[in-house]
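This report goes through the pockets, the nonpolar cores and the salt bridges of one protein model. The sequence and structure come first, and the description follows.

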Amino acid sequence: MKVSELMRTDVRTIRADANVAEAVQIMADSHVSGLPVVDRSDRVVGVLSTTDVLQAQAEHDDRRARTELFERTEVRELMSTPPHTIGPDADVRDAAKHMLEAEVHRLFVVDGDQLVGVISQTDIARAVGAGEI
């Protein structure tokens, strides 16, 4: 099975210059634990995950510092790079292996420079459970 057959195409993104509060709101509204970070040309340049946000928040002891983290910190300052990507024609088993080796929960699917989808460990597990793989 190809990645393109299993990936989700309704991918929410965040700009690198957006603030952390905006990214957290998008993650909460979309029920996702990570967002691809895109530049002005919509190329994926990183990923911001809830883990990135929680780690940054843990470094700030007081309420004021945490408020500043969310309102004045740009996503680019917390995002993880490089983003882990895969092509739409790759085999799903290769995607699973890549996620395991890189210790990531998702891969962004890119065709050239264009973001076309996302595939997660949950997507693969669901397909295995349903007997699709």
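## Pockets

A pocket is here an open set of grid points with protein on both sides within 12 Å along at least five of seven lines, and its lining residues have an atom within 4 Å of a point. The model is predicted. Its largest pocket has a volume of about 360 Å³ and is lined by 20 residues. Arg8, Val32, Ser33, Arg106 and Val118 are the lining residues that lie nearest the centre of this pocket. Two or more lining residues come from each of β2 (34-38), β5 (106-111), β6 (114-120) and α6 (121-129). The largest share, four residues, belongs to α6. Sorted by class, the lining of the largest pocket consists of six nonpolar, eight polar and six charged residues.

The second largest pocket has a volume of about 310 Å³, and 16 residues line it. Nearest its centre are Val47, Ser49, Glu103, Val104 and Arg106. The elements β3 (44-49), α3 (50-58) and β5 each give two or more residues to the lining of the second largest pocket. The largest share of that lining, three residues, is from α3. Its classes are five nonpolar, eight polar and three charged residues.

## Nonpolar cores

The largest nonpolar core has 16 residues. Those with the most contacts inside this core are Ile14, Ala23, Leu35, Val37, Leu48, Val75 and Leu78. At least two core residues are supplied by each of α2 (20-30), β2 and α3, and the largest share, four residues, comes from α2. Ala23 touches Ile14, Leu35, Leu48 and Val75, with residues up to four places away in sequence not counted.

A second, separate core has 13 residues, including Val92, Ala95, Ile124 and Ala127.

## Salt bridges

Side chains of opposite charge can pair when their charged atoms come close. The structure holds nine salt bridges. One of them joins Asp89 and Lys2, with the closest N and O atoms 3.8 Å apart. Asp89 is in the loop between β4 (85-86) and α5 (92-102), while Lys2 is in the segment before α1 (3-6), so this pair ties together parts that are 87 residues apart in sequence. Asp89 counts as exposed, because its relative accessibility is 58% and the cut-off for exposed is over 50%. Lys2 counts as partly exposed at 38%.

In the salt bridge between Asp42 and Arg15, the closest N and O atoms are 2.8 Å apart. Asp42 lies in the loop between β2 and β3 and Arg15 in strand β1 (residues 14-15), so the pair links parts that are 27 residues apart in sequence. Both partners count as partly exposed: Asp42 has a relative accessibility of 38%, and Arg15 has 35%. Arg76 and Glu74 also meet through their side chains in a salt bridge, at 2.8 Å from N to O. Arg76 is partly exposed, with a relative accessible area of 43%, and Glu74 is partly exposed at 29%.

A network of salt bridges links Arg8, Asp123 and Arg126.

How values were computed: Residues are numbered from 1 along each chain as its sequence is written. This is a predicted model: local features need pLDDT of at least 70, side-chain atom pairs count only at pLDDT 80 or more; totals for chains, interfaces and linings use all residues. Side-chain values use heavy atoms; hydrogens and water are left out. On a 1 Å grid over the protein atoms alone, a cavity is a set of points where a 1.4 Å probe fits but cannot get out, and a pocket is an open set with protein on both sides within 12 Å along at least five of seven lines; lining residues have an atom within 4 Å of a point. Grid points are joined across faces, edges and corners, and a volume is the space filled by probe spheres set on the points. Ala, Val, Leu, Ile, Met, Phe, Trp, Tyr, Cys and Pro count as nonpolar, Asp, Glu, Lys and Arg as charged, and the others, Gly among them, as polar. A nonpolar core is a set of buried Ala, Val, Leu, Ile, Met, Phe, Trp, Tyr and Cys residues joined through side-chain atoms within 4.5 Å. Buried means under 20% relative accessible area, exposed over 50%, partly exposed in between (1.4 Å probe, protein chains only). Contact means heavy atoms within 4.5 Å. A salt bridge is a side-chain nitrogen of Lys or Arg within 4 Å of a carboxyl oxygen of Asp or Glu.
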